[in-house]
Amino acid sequence: MFRMWYGLKMEALHKPSKGVAWFSTAETYATHSPLLENNYLEALEWTIDSRSFQPLPERDRKILHDMASRKKLTGHGVHYSVLSVGGKEIRERWLSKLKNDPLLNHYAHLSVHFGFSTGRGFQDGAPLPLPFTAETLDIGRKNLEALAHIVPCRIGLENLALAFSPQDVSRQGEFLDKLLEPFDGFLLLDIHNLYSQSYNFDMPIIDLAKTYPLQRVREIHISGGSWSVGKTGKRIRRDTHDHCVPQDVFAALEEIIPLCPNLEFIFLEQLPSALQTDDQRNQFQEDYMSLLKVSG
Amino acid sequence: MIVNLLRRFSLFRKKTPLEKYQDKLLVLLKSGAAPEMIKEILLLDKALKDYHSYIESMNSDLLSVGSELVHKWGNRAS
């Protein structure tokens, strides 16, 4: 009897906290506040550079600080270009702003994106893939070291959806593992990003997931996306963070969770621009309820 | 000694193949050039020979997605 109780308790203790990606916008507040008020949100992810590090409005500050006080707030940066050689001044400016983030000492952990977005004349943008070489590994580790020097908590990387080549798909997991190794870093596994690559390169999603260092996964993202048609006439899955979460992504989530022994957080993401109408907000809330059901 | 100082201040810093690849790719993606032309220009650059096999394997449709993203989100440094 004790063993059964103890097993159930341990299982409950190890259940990841579920939440949403929080943005400081009216759309986000309108969509997420019912979930917050009814205690459905166990954690929040804050995109630290979504407002260019500008001070938060009081309402958002209270919500984020409250979650931080329970150690259920994670930080996520979009504009730190981990794999860029150039743009050193841009990265240094970003780190300097991060140093002054009032929540810096309160994030459970902090992630940035795999990929590069800066170069000569480009100060930020969407991250792009790079092949796994000794040189790309070296520059990635140097840029992560600079980040780790500033950040008091564990640092991590989010996998990228966009791939230009089959190499980008088959080796991203190994590349991420090697980048994170010196820092005991964590992997933020975005399952919709995996789904996009799985579709675009015709590889079963669970097989693809198993090429990633799943023991490093401490955070999972799920989101919706969209379709476009390439010039070749082939459908392409896009990681646009809009529309509903595909059933295939929920199915993959259910299979992937047991493969991640160190999982702590699962977040549902949607860009505020895709939460404008009542239908969109209702769909998001339905997706969140599905997330709670699938993840237990 | 003067050359070393200038290199230190990036005035005559020799760019690595990776940096050249990144700079060139961003400019080409922003330009709106067709993906086949982007690949051709990159493959003609002998300084990027370490990346030629990767470039040859690039998917044209997804390069177009990259162009769209750089066009939409890529901000020029002021």
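Visitor: How many cavities of 30 Å³ or more are there?

Guide: Rolling a probe the size of a water molecule over the atoms shows where empty space is left. A cavity is a set of points, on a 1 Å grid over the protein atoms alone, where a 1.4 Å probe fits but cannot get out. In this predicted model, the count is three cavities of 30 Å³ or more.

Visitor: Which residues are closest to the centre of the largest cavity?

Guide: Lining residues have an atom within 4 Å of a point. There are 14 here, and A:Phe114, A:Leu130, A:Gln167, A:Asp168 and A:Gln172 are the closest to the centre.

Visitor: What does chain A bury against chain B?

Guide: Buried area is the accessible area (1.4 Å probe) that two parts lose on being put together, summed over both. Between chain A and chain B this is about 3,000 Å², with 63% from carbon and sulfur atoms. On the chain A side, A:Phe122, A:Phe164 and A:Arg238 lose the most area, together 24% of what that side buries.

Visitor: Which residue forms a salt bridge with B:Glu68?

Guide: A salt bridge needs a side-chain nitrogen of Lys or Arg within 4 Å of a carboxyl oxygen of Asp or Glu. The rule finds one across this interface. A:Arg238 pairs with B:Glu68, with the closest N and O atoms 3.1 Å apart.

Visitor: What conventions apply to numbering and confidence?

Guide: Residues are numbered from 1 along each chain as its sequence is written, and chains are lettered from A in the order in which they are written.

Terms used
This is a predicted model: local features need pLDDT of at least 70, side-chain atom pairs count only at pLDDT 80 or more; totals for chains, interfaces and linings use all residues. Side-chain values use heavy atoms; hydrogens and water are left out. On a 1 Å grid over the protein atoms alone, a cavity is a set of points where a 1.4 Å probe fits but cannot get out, and a pocket is an open set with protein on both sides within 12 Å along at least five of seven lines; lining residues have an atom within 4 Å of a point. Grid points are joined across faces, edges and corners, and a volume is the space filled by probe spheres set on the points.
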